[in-house]
Amino acid sequence: MKKRHLFLSIIFFILILVVGTFTYNYVEGWSLLDSLYFVVITVTTIGYGDLAPITNLGKILTMILSFFGVAIDRKSVV
């Protein structure tokens with residue numbers, strides 16, 4: 001059961017990375033590397049602050065993405 005839970009958590013994390021990367025690439029016009037970097041920094045709750053969304057949609061997506069990061073972090077602690 002724990003292996004299945006770990007597998008699903010990894011798949012969910014990868015899905016967030018992929019969807020987030022392509023979303024920021026499209027919405028903010030960032031390169032794929034910058035988009036991936038931003039998603040990783042946001043989801044892991046590091047938040048260096050060197051990249052920030054400019055569009056309203058990008059800001060809304062970042063708020064939603066931040067909640068996923070906190071949920072993933074919380075789930076791994078429990």
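Mentor: We can go through the overall fold and then the core.
This is a predicted model, in which local features need pLDDT of at least 70 and side-chain atom pairs count only at pLDDT 80 or more, while totals for chains, interfaces and linings use all residues. Residues are numbered from 1 along each chain as its sequence is written, and side-chain values use heavy atoms, with hydrogens and water left out.

Trainee: OK, how many helices and strands are in the protein chain?

Mentor: The protein chain has three helices and zero strands, where helices (H or I, at least four residues) and strands (E, at least two) are DSSP runs numbered from the N terminus.

Trainee: And what does the C-alpha trace span?

Mentor: Along its principal axes, the C-alpha trace of the protein chain spans about 40 × 20 × 20 Å.

Trainee: Which residues make up the largest nonpolar core?

Mentor: That core has eight residues, namely Ile 16, Leu 17, Tyr 24, Trp 30, Phe 38, Val 39, Val 43 and Leu 65. Helix H1 (2–27) and helix H2 (32–43) each supply at least two residues of this core. A nonpolar core is a set of buried Ala, Val, Leu, Ile, Met, Phe, Trp, Tyr and Cys residues joined through side-chain atoms within 4.5 Å, and buried means under 20% relative accessible area with a 1.4 Å probe, protein chains only.

Trainee: What does Trp 30 touch?

Mentor: Leaving out residues up to four places away in sequence, Trp 30 touches Tyr 24, Asn 25, Ser 35, Phe 38, Leu 51, Ala 52 and Pro 53, a contact being heavy atoms within 4.5 Å.

Trainee: How much of the chain is buried?

Mentor: Buried residues are 24% of the 78 residues in the protein chain.

Methods: Buried means under 20% relative accessible area, exposed over 50%, partly exposed in between (1.4 Å probe, protein chains only).
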